[in-house]
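Could you walk me through this structure in a friendly way? I would like a short briefing, sorted by topic.

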Amino acid sequence: MTKTALICGSLAFDKIMQYHGRFGDTLLADQLHRVNVSFLVPTLRTEYGGCAANIAYNLKQLGGEPLMMGTLGQDGGDYLKRMQEQGLETRGIRTIPEAYTAQCFVTADQDNNQINAFHPGAMEYSNQNNVADQGAIRVAIISPDGRDGMIKHARDCAEQKVPFMFDPGQQLPMFSGEELITFIDQASYLACNDYEFEMVMDRTGLSHADIAARLEALIITRGEAGSDIYANGEHIKIPAVTATNVVDPTGCGDAYRAGLLFGITNDLDWATSGRIASLLGAIKIASAGGQNHHFTPQEFDAQFEQAFGSKFR
């Protein structure tokens with residue numbers, strides 16, 4: 001059986017700017033109805049991001065077989081080349097000539113308050129991709145992407161009988177309660193952080209037990225408190241792994257999901273899969289950006305044994 005994991009989701013550039021002052025010293029509370037301000041940002045860096053690429057990057061380093069399905073714009077050539085040089089399978093990536101690659105513009109002040117702007121660009125064309133065109137798939141994940149694309153790819157997976165993980169992330173507010181229930185009923189797995197899961201329950205009107213009963217596994221991450229996996233009538237507590245250094249949380253959730261996909265494609269139990277995911281998140285947080293940490297499968301295995309006192313392969 002194939003071990004290929006189809007990663008449906010965004011491909012994006014993150015433009016990160018640092019303002020050396022405080023926004024509060026410039027933004028006047030009684031004048032917010034007519035803001036016209038400019039912030040000098042002497043520090044600017046571009047990071048390669050997007051949920052699909054972040055997940056695939058981590059899964060590949062683990063020794064998994066990710067296949068991305070997403071969209072780049074006219075400015076995505078260097079990104080595509082970078083992924084290919086990393087050995088990532090890119091045949092499921094479509095280039096949209098009339099659009100720019102999705103981009104997030106982040107300006108942070110010295111207190112780490114942020115003002116963000118997001119341009120979806122080519123991501124809005126993700127519904128042009130088809131799951132059926134991607135060949136044999138063991139499991140898929142529907143991660144944040146264009147709204148229509150997420151709906152279509154979930155439906156595609158259901159029609160192709162491909163089990164998939166629904167990971168709504170920051171796109172969750174775009175869906176109605178009825179649409180979220182459809183996603184849950186089509187999916188085999190649901191992965192959310194604790195805040196997102198509260199929103200899912202609020203929008204759908206379903207209880208925790210109702211949602212878990214409709215899925216093979218419900219995964220809820222809780223930051224430093226670890227995570228919870230509800231599967232086969234069991235509640236599995238996954239401990240958080242202490243990071244060697246806390247640098248940047250960007251992409252930690254994507255790293256966690258890569259660990260879950262590795263476990264599914266290798267038929268591991270949920271306790272082991274959750275621990276792999278937890279360790280991946282701790283490794284990622286020690287580096288800036290979503291794709292700048294490096295490890296070999298052998299190095300990861302050694303860290304796993306050190307963290308949990310056992311081996312998984």
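This is a predicted model: local features need pLDDT of at least 70, side-chain atom pairs count only at pLDDT 80 or more; totals for chains, interfaces and linings use all residues.

Residues are numbered from 1 along each chain as its sequence is written, and side-chain values use heavy atoms, with hydrogens and water left out.

**How helices pack**

- Helix α1 (residues 51-62) packs against helix α7 (residues 252-265) at an angle of about 50°, and their axes are 8 Å apart. This makes α1 oblique to α7.
- Axes are lines fitted to C-alpha atoms, for helices over the stretch in contact, and angles run from 0 to 180 degrees between N-to-C directions. Angles under 35 degrees count as roughly parallel, over 145 as roughly antiparallel, 65 to 115 as roughly perpendicular, and the rest as oblique.
- The crossing of α1 and α7 is right-handed. A crossing has this label if the near helix is turned clockwise from the far one by less than a right angle, and is left-handed if anticlockwise.
- On the α1 side, Cys 51, Asn 54, Ile 55, Asn 58, Leu 59 and Leu 62 take part, and they meet Asp 254, Ala 255, Ala 258, Gly 259, Leu 261 and Phe 262 of α7. Contact means heavy atoms within 4.5 Å.
- Sorted by class, the contact of α1 with α7 has eight nonpolar, three polar and one charged residues. Here Ala, Val, Leu, Ile, Met, Phe, Trp, Tyr, Cys and Pro count as nonpolar, Asp, Glu, Lys and Arg as charged, and the others, Gly among them, as polar.
- Helix α3 (residues 147-160) and helix α4 (residues 177-186) cross at roughly 35°, with axes that come within 10 Å. Their crossing is left-handed.
- From α3, Arg 147, Met 150, Ile 151, Ala 154, Arg 155 and Ala 158 make the contact, together with Glu 179, Phe 183 and Gln 186 of α4. The class count for α3 with α4 is five nonpolar, one polar and three charged residues.

**Salt bridges**

- Side chains of opposite charge can pair when their charged atoms come close. A salt bridge is a side-chain nitrogen of Lys or Arg within 4 Å of a carboxyl oxygen of Asp or Glu.
- How many salt bridges does a search of the whole structure find? The search finds 13.
- Arg 147 and Glu 179 join their side chains in a salt bridge (2.4 Å, N to O). Arg 147 lies in helix α3 and Glu 179 in helix α4, so this pair ties together parts that are 32 residues apart in sequence.
- Arg 147 is partly exposed, at 24% relative accessible area, and Glu 179 is partly exposed as well, at 23%. Buried means under 20% relative accessible area, exposed over 50%, and partly exposed in between (1.4 Å probe, protein chains only).
- Asp 156 and Lys 152 also form a salt bridge (2.8 Å, N to O). Both lie in helix α3, four residues apart, about one turn of the helix. Asp 156 is buried at 9%, and Lys 152 is buried at 16%.
- Arg 138 pairs with Asp 267, with the closest N and O atoms 3.4 Å apart. This pair links distant parts of the chain, 129 residues apart: Arg 138 sits in the loop between β7 (114-119) and β8 (139-142), and Asp 267 in the loop between α7 and α8 (270-285).
- Is Arg 138 buried or exposed? Arg 138 is buried, with a relative accessible area of 16%, whereas Asp 267 is exposed at 61%.
- A network of salt bridges links Arg 45, Glu 47 and Asp 248.

- Leu 260 belongs to helix α7 and is buried, with a relative accessible area of 0%. Leaving aside neighbours within four places in sequence, its contacts include Met 165, Ile 219 and Trp 270.
- Thr 272 is in helix α8 and is buried at 17%. Not counting residues up to four places away in sequence, Thr 272 touches Phe 304 and Phe 312.
- Asn 232 has a phi near 55°, a positive value in a residue other than glycine. Asn 232 lies in the loop between β12 (227-231) and β13 (234-238) and is exposed at 67%.
- Asp 267 likewise has a positive phi, about 55°, although it is not a glycine.

Definitions and conventions: Helices (H or I, at least four residues) and strands (E, at least two) are DSSP runs, numbered from the N terminus.
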